[in-house]
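Please read the following report alongside the sequence and the coordinates.

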Amino acid sequence: MKKQTKAIRTQTKKTQYREHSTPLFLTSSFTFESAEQGKELFEETLEGNIYSRFSNPNVTEFVDKVCMLEGAEEGIATATGMAAVFASMAGLLKSGDHLVACRALFGSAHQIITQILSKWGITHTYVDATATEAEWEAAMQPTTKMVYLETPSNPGLELVDLAMLGRLKAKYGFILNVDNCFATPILQTPIDFGADLSVHSATKFMDGQGRVLGGIVVGRADLIAPIRFFARHTGPSLSPFNAWTLSKSLETLDLRMERHCSNALALAEALENHPDVAIVKYPFLPSHPQYDLAKSQMSAGGAIVTIELEGGFERVQAFMEALQIPTLSSNLGDSRTIVTNPNTTTHAKLKPDEKAALGITPGLIRISVGLEHVDDLIADFEQAVTVSADMLKERV
């Protein structure tokens with residue numbers, strides 16, 4: 001059975017009411033049939049629900065679906081994507097450990113590594129996403145416990161060679177932890193390339209409509225166990241309602257990603273041909289410097305397009321004012337197209353040299369391409385580029 005079918009047909013066992021759609025289990029706790037059953041549940045000699053901070057049928061259904069899509073043994077869901085990222089590190093790393101990370105990371109992941117893990121005596125080394133195998137290998141230390149990365153990266157859409165890191169993992173024995181949020185398991189399954197963990201902000205494409213927060217870590221059972229212990233006792237649990245929403249959303253993820261990707265490619269091609277757009281980056285554009293790598297490890301290019309406009313933030317302001325369809329927001333992965341300026345929003349806390357290393361310029365715009373008709377999107381973006389260019393020329 002194909003995973004698209006399983007994403008639709010996987011659900012909790014029917015109750016005595018014979019419902020067709022999984023019901024909401026909005027309860028903080030679960031009862032015991034006897035004192036002996038309670039004892040066995042807490043001893044973990046019997047499987048079952050005790051408390052919704054630990055597990056809940058809605059959460060379990062969501063986790064089961066993502067594990068199936070990613071080809072993972074087990075998983076744990078969290079309240080947000082950053083809770084999942086943090087749990088995947090904090091549950092496995094200890095003082096004295098060394099972390100190697102891709103330099104191109106979401107701002108909050110960067111803050112966790114540099115401001116929080118560092119206080120616990122966990123050191124780190126950053127490596128460029130486009131680094132060679134030898135450069136990645138040079139970053140390894142005897143205490144290296146984990147390699148963490150995003151591919152494609154946020155917001156620069158740089159790719160990391162997963163097969164190459166899979167080879168290094170086999171040699172050095174580190175935990176390979178991949179943020180797969182931008183690609184989703186529909187376009188890329190890092191575990192197939194040797195990853196041990198795959199992390200998602202389910203808030204993004206898994207929900208796909210900007211409704212709920214959620215996160216998830218899936219992977220090897222022996223690694224999920226300590227992450228589950230950490231999450232169980234620190235409490236970043238996913239709510240049953242959000243889990244129910246996310247599980248239903250997974251039923252349409254394959255269809256939505258197909259439209260996201262076709263719209264994004266068409267928009268990227270149109271903007272690349274516009275004389276007033278300085279740079280366009282999209283993994284499945286032949287002009288992308290890692291186009292061949294993208295084609296080898298992704299089935300499509302994803303929903304994110306980045307462009308750079310000359311004229312700095314003043315040009316960005318004019319461009320965004322001229323747009324009619326997109327929403328201005330720091331979120332992404334929505335059915336509605338969203339634009340943001342990472343320099344002043346998602347990556348605003350980074351130092352100037354850190355921004356420069358990631359290619360985050362004042363004129364950079366991240367586009368999360370939605371499900372609107374692509375002709376409407378192309379027409380709107382093209383007119384906004386032209387209008388903002390003309391406004392800038394007039395001011396000059």
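The axes of helices α4 and α5 cross at roughly 35° and come within 10 Å of each other, where axes are lines fitted to C-alpha atoms, for helices over the stretch in contact, and angles run from 0 to 180 degrees between N-to-C directions. The model is predicted, with local features requiring pLDDT of at least 70 and side-chain atom pairs counting only at pLDDT 80 or more, while totals for chains, interfaces and linings use all residues. Residues are numbered from 1 along each chain as its sequence is written, and side-chain values use heavy atoms, with hydrogens and water left out. Helices (H or I, at least four residues) and strands (E, at least two) are DSSP runs, numbered from the N terminus.

The crossing of α4 and α5 is right-handed; a crossing is called left-handed if the near helix is turned anticlockwise from the far one by less than a right angle, and right-handed if clockwise. On the α4 side, Met-82, Val-85, Phe-86 and Met-89 meet Ser-108, Ala-109, Ile-112, Ile-113 and Ile-116 of α5, contact meaning heavy atoms within 4.5 Å. These residues divide into 8 nonpolar, 1 polar and no charged, with Ala, Val, Leu, Ile, Met, Phe, Trp, Tyr, Cys and Pro counted as nonpolar, Asp, Glu, Lys and Arg as charged, and the others, Gly among them, as polar.

Helix α3 (residues 57-70) packs with helix α10 (residues 240-250) at an angle of about 35°, their axes lying 8 Å apart, and this crossing is left-handed. The residues of the contact of α3 with α10 comprise 9 nonpolar, 2 polar and 2 charged. Among those that meet are Phe-62 and Leu-69 in α3, and Trp-244 and Leu-250 in α10.

Helix α4 (residues 81-90) also packs on a sheet, touching β1, β4, β5 (175-179), β6 (197-201) and β7 (215-219), and its direction makes about 155° with that of β6. That open sheet has 7 strands in the order β1-β7-β6-β5-β4-β2-β3, with mixed pairing; two strands pair if DSSP finds at least two bridges between them. At the edges stand β1 (74-78) and β3 (123-127), each with a single partner strand, so one side of each has no neighbour in the sheet. From one strand to the next, the twist averages 20°. Helix α9 (residues 221-234) lies across β1, β5, β6 and β7, running at about 25° to β1.

A further open sheet is formed by 5 strands in the order β8-β9-β12-β11-β10, again with mixed pairing, and its edge strands, β8 and β10 (327-328), each pair on one side only. Helix α13 (residues 312-322) packs on this sheet, where it touches β9, β10, β11 and β12, and its direction makes about 30° with that of β12. Some strand pairs from the two sheets are set out below.

| Strand pair | Sense | Bridges |
|---|---|---|
| β2 and β4 | parallel | 4 bridges |
| β8 and β9 | antiparallel | 3 bridges |
| β9 and β12 | antiparallel | 5 bridges |
| β11 and β12 | antiparallel | 3 bridges |

How much of strand β12 is buried? In β12 (residues 364-368), 5 of the 5 residues are buried, so the strand is largely enclosed by the rest of the structure; buried means under 20% relative accessible area, exposed over 50%, and partly exposed in between (1.4 Å probe, protein chains only). Leu-364, Arg-366 and Ser-368 point one way from β12, whereas Ile-365 and Ile-367 point the other way.

Pro-289, in the loop between β8 (279-281) and α12 (291-297), is by contrast exposed, with a relative accessible area of 69%.

Rings of Phe, Tyr and Trp (its six-membered ring) pair if their centres lie within 6.5 Å, and planes under 30 degrees apart count as stacked, over 60 as edge-to-face and the rest as tilted. The ring centres of Phe-86 and Trp-120 are 5.9 Å apart and the planes stand at 50°, so this pair is tilted. Trp-120 lies in the loop between α5 (107-116) and β3, 34 residues from Phe-86. Phe-86 is partly exposed, with a relative accessible area of 21%, and Trp-120 is partly exposed at 39%.
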